[in-house]
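Please look over the sequence and the model below before reading on. The paragraphs that follow go through the structure part by part.

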Amino acid sequence: MLNNRIDKMTDFESLKLLPKLSERQKECLSFIASYVQKNRDYPTQKEISCALRLKSNSAWGYTEALKKKGYLTVTKNIGVRNLRLTKIALEFFNENKTQK
């Protein structure tokens with residue numbers, strides 16, 4: 001009986017809550033993921049801004065928030081296509097697929 005309770009506690013501890021995203025952050029993250037699937041490369045900040053109908057450098061605020069929340073990372077020395085989806089971003093998409 002005690003072992004069963006410990007197993008349940010361990011299962012609970014392994015669950016992670018993903019950081020909450022605003023609707024616009026979700027749109028930005030979804031655009032990046034779909035862009036990667038279609039183009040086999042990551043979008044530039046300018047391409048993100050155009051897709052989300054933002055002013056030229058406004059995408060930076062969204063991508064910065066996504067980086068702080070752990071959904072994106074930046075790869076140094078690559079150039080303008082330096083954003084990368086993280087494991088947390090992939091978990092976000094998997095979680096949303098199962099909820100639909």
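Helices and strands here are DSSP runs, a helix having at least four residues and a strand at least two, and they are numbered from the N terminus. The model is a predicted one. One of the helices is H4, which covers 59–68. Just after H4 comes Gly70, which takes a positive phi of about 90°.

H4 itself has several buried residues: Ala59, Thr63, Glu64, Ala65 and Leu66. The elements that cover them include H2, H3, strand E1 (72–74) and E2.

Leu66 also belongs to the largest nonpolar core, a set of 20 residues. In soluble globular proteins, nonpolar side chains tend to be buried together. Which members of this core touch the most other members? They are Leu29, Ile32, Ile48, Leu66, Tyr71, Leu72 and Leu85. Two or more residues each come from helix H2 (23–39), helix H4 (59–68), strand E2 (83–85) and helix H5 (87–99). H2 gives the most, with seven residues.

Back in helix H2 lies Ser30. Is Ser30 buried or partly exposed? Its relative accessibility is 34%, so Ser30 counts as partly exposed. Ser30 and Phe93 are 63 residues apart in sequence, yet their C-alpha atoms are 8.5 Å apart in space.

Thr44 counts as buried because its relative accessible area is 11%, and the cut-off for buried is under 20%. Apart from neighbours within four places in sequence, Thr44 is in contact with Val80 and Arg81.

Rolling a probe the size of a water molecule over the atoms shows where empty space is left. The second largest pocket has a volume of about 190 Å³. Eleven residues line this pocket, and Leu18, Pro19, Lys20, Leu21 and Glu95 are the closest to its centre. H5 gives the most to the lining, with three residues. By class, the lining of the second largest pocket is made up of six nonpolar, one polar and four charged residues.

Definitions and conventions:
Residues numbered from 1 in each chain as written. Predicted model: local features only at pLDDT ≥ 70, side-chain atom pairs only at ≥ 80, totals over all residues. Heavy atoms only, no water. Core = buried A, V, L, I, M, F, W, Y, C linked by side-chain atoms within 4.5 Å. Buried < 20%, exposed > 50% of the residue type's maximum accessible area, 1.4 Å probe, protein only. Contact = heavy atoms within 4.5 Å. 1 Å grid on protein atoms, 1.4 Å probe; cavity = no way out; pocket = protein on both sides within 12 Å on 5 of 7 lines; lining within 4 Å. Points joined across faces, edges and corners; volume = space filled by probe spheres on them. Nonpolar A, V, L, I, M, F, W, Y, C, P; charged D, E, K, R; others polar.
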